[in-house]
Amino acid sequence: MAERPVIVVVDDEPAALAAMLDTLTRRFGGDYRVAPDLSALAALEAIARLKADGDEIALVIADQWMPEITGNEFLGRVRAIEPTAKRALLVAWGDHAASPTILQACAMGQLDNYLYKPWTPAEVHLYPLVSEFLAEWTRIHRPGMELIHIVGDEFSPRSNEIRELLDRNGVPFGFHPYASSAATRLAEQRGVGLGTLPTVFLLDGSVLADPTDAEIMDAIGESPDELSCDVAVIGSGPAGLTSAVSAGSEGLRTLVVERHVFARDVTRLQTNGVKKTLTISDGRQITATAVILTTGAAYRRLEVPGVERFVGRSVFYTTSARPGWCVVSTWRWPAGETRPGRQRSISPPSRAG
Ligand SMILES: Cc1cc2nc3c(=O)[nH]c(=O)nc-3n(C[C@H](O)[C@H](O)[C@H](O)COP(=O)(O)OP(=O)(O)OC[C@H]3O[C@@H](n4cnc5c(N)ncnc54)[C@H](O)[C@@H]3O)c2cc1C
């Protein structure tokens, strides 16, 4: 097994391949081994060999138009061999013939995204996109930074809610099952018991036993103290964020109140002339000159007999995927795990579009 994960590059044009090899090696060669191939079929064999030898393949880049098979077909076959490798299609600027293929291949999970060629200067057209692929791959395959540690029962709904809360807010955390040695070590270091779960260990040394979302977000400093603003936006979906960016760019003091960030709901809205007052679920009030309501829509779940007892344990309605978990539509469960009545495992999906 090689020490460095591999970036595979496939292009039947020798000059283009050599340029890509040279450029990627100069920038990423310290951390990744770049493996070039002129033949797509030979590359498939090489990838299968790397996999059999236990090498990690982080990224596969393939030209779309090659004589043996097209790039998107090649990447589809790569997926079958190594589903966790990121896959990028190389297409020429203005190649309109490739557009429907790219869209379809993204939708079918054959590839993650595409790169344009020519790609010079690499700093503008190549490195940022390749870095993005590698960052995504690394986030899933390398140990992450842990600013916050959660100790709990892996299948407790509350443990999963806290993980989702921190995920959504981009707070780096680690989860440790309560019987693990890491959990025991944390408890010993902080001098606390693990009688109440989940327990959250914060960066400043404090420990919260079975905290509410609001207690967690307050403790990590994500709740605003300043509760008066020019524009209050309720909800931070696409509509709320667009409104907030727009208001902020005009120099207006803008506050976004989102239940998944602020960990509180807006429960009441009153107007008194130009002044608007929002009451939030902890009783505090926010004053604003203008309020933009972008609370989205609630959706109904299809009724599946018996599913409720699994919700939050092994069935999740979610928009975010955690490393090591699989998502099927809006459901996910631990990778590769089979469950009674569902005797199959699934592959992690790819990001599309
Ligand atoms: C299962 C599912 C899958 C989807 N997949 C796709 C897809 O693949 N591609 C696509 O383009 N669209 C998809 N959509 C549609 C997309 O999510 C919506 O069109 C979009 O999110 C609407 O944006 P919005 O800002 O209006 O509302 P939302 O994104 O719903 O945002 C509203 C926000 O307001 C917050 N909020 C609500 N009430 C309060 C309150 N009282 N206090 C504080 N905060 C509050 C909510 O927590 C929420 O975050 C999907 C929708 C669903 C349900």
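Start with the five-stranded sheet. It is open, its pairing is mixed, and its strands run in the order β11-β10-β14-β13-β12. Its edges are β11 (254-257) and β12 (266-272), each of which pairs on one side only. From one strand to the next, the twist averages 45°.

Some ground rules before going on. This is a predicted model: local features need pLDDT of at least 70, side-chain atom pairs count only at pLDDT 80 or more, and totals for chains, interfaces and linings use all residues. Numbering starts from 1 along each chain, as its sequence is written. Helices (H or I, at least four residues) and strands (E, at least two) are DSSP runs, numbered from the N terminus. Two strands pair if DSSP finds at least two bridges between them. Axes are lines fitted to C-alpha atoms, for helices over the stretch in contact, and angles run from 0 to 180 degrees between N-to-C directions.

**Stop 1**

Select 228-234 and 285-293. These are β10 and β14, which run parallel and are joined by six bridges. Pick V231: its bridge partner in β14 is A290. Then pick V233, which stands opposite I292 in β14.

L278 stands opposite I286 in β14. Four residues lie between the strands, and G283 takes a positive phi near 95°.

Next, show 238-249. This is helix α10, which lies across β10, β11 and β14 and runs at about 165° to β11. Contact here means that the C-beta atoms of two residues, placed from the backbone, lie within 7 Å.

**Stop 2: V266**

Centre on V266, in strand β12. Is V266 buried or exposed? V266 is buried, because 20 C-beta neighbours lie inside 10 Å. The cut-offs: a residue is buried if 20 or more other C-beta atoms lie within 10 Å of its own, exposed if 12 or fewer, and partly exposed in between, with C-beta atoms placed from the backbone. Leaving out residues up to four places away in sequence, V266 touches I234, V257, L278 and I280. Check the distance to I234. The two C-alpha atoms are separated by 7.4 Å, although the residues are 32 apart along the chain.

**Stop 3: the ligand**

Select the ligand and its surroundings. The shell has 18 residues, and the closest are G235, G237, A239, T295 and G296. A residue counts as near if its C-beta atom, placed from the backbone, lies within 6 Å. Which element gives the most to the shell? That is α10, with three residues. Colour the shell by class: six residues are nonpolar, nine polar and three charged. In this scheme Ala, Val, Leu, Ile, Met, Phe, Trp, Tyr, Cys and Pro are nonpolar, Asp, Glu, Lys and Arg are charged, and the others, Gly among them, are polar.

**Stop 4: the four-stranded sheet**

Four strands make an open sheet in the order β7-β6-β8-β9, with mixed pairing. The edge strands β7 (173-177) and β9 (207-209) each pair on one side only. Here the twist averages 20° from strand to strand.

Select 148-152 for β6, which pairs with β7 in the parallel sense over five bridges. G152 stands opposite P177 in β7.

**Stop 5: helix α4**

Select 98-107. Within α4, A98, T101, I102 and A105 are buried. They lie on the same side of α4 because they cover an arc of only 100° around the axis. That arc is taken from the directions from the helix axis to the C-beta atoms. Show what covers these residues: α3 (71-81), β4 (86-92) and β5 (113-117) are included. Turn to the face away from the buried side. There sit the exposed residues S99, P100, L103, Q104 and A107. Just after α4, G109 takes a positive phi of about 80°.

**Last stop: the whole protein**

Zoom out. The protein has 10 helices and 16 strands. Of its 353 residues, 29% count as buried. Among contacts between residues at least 6 apart in sequence, 57% join residues at least 24 apart.
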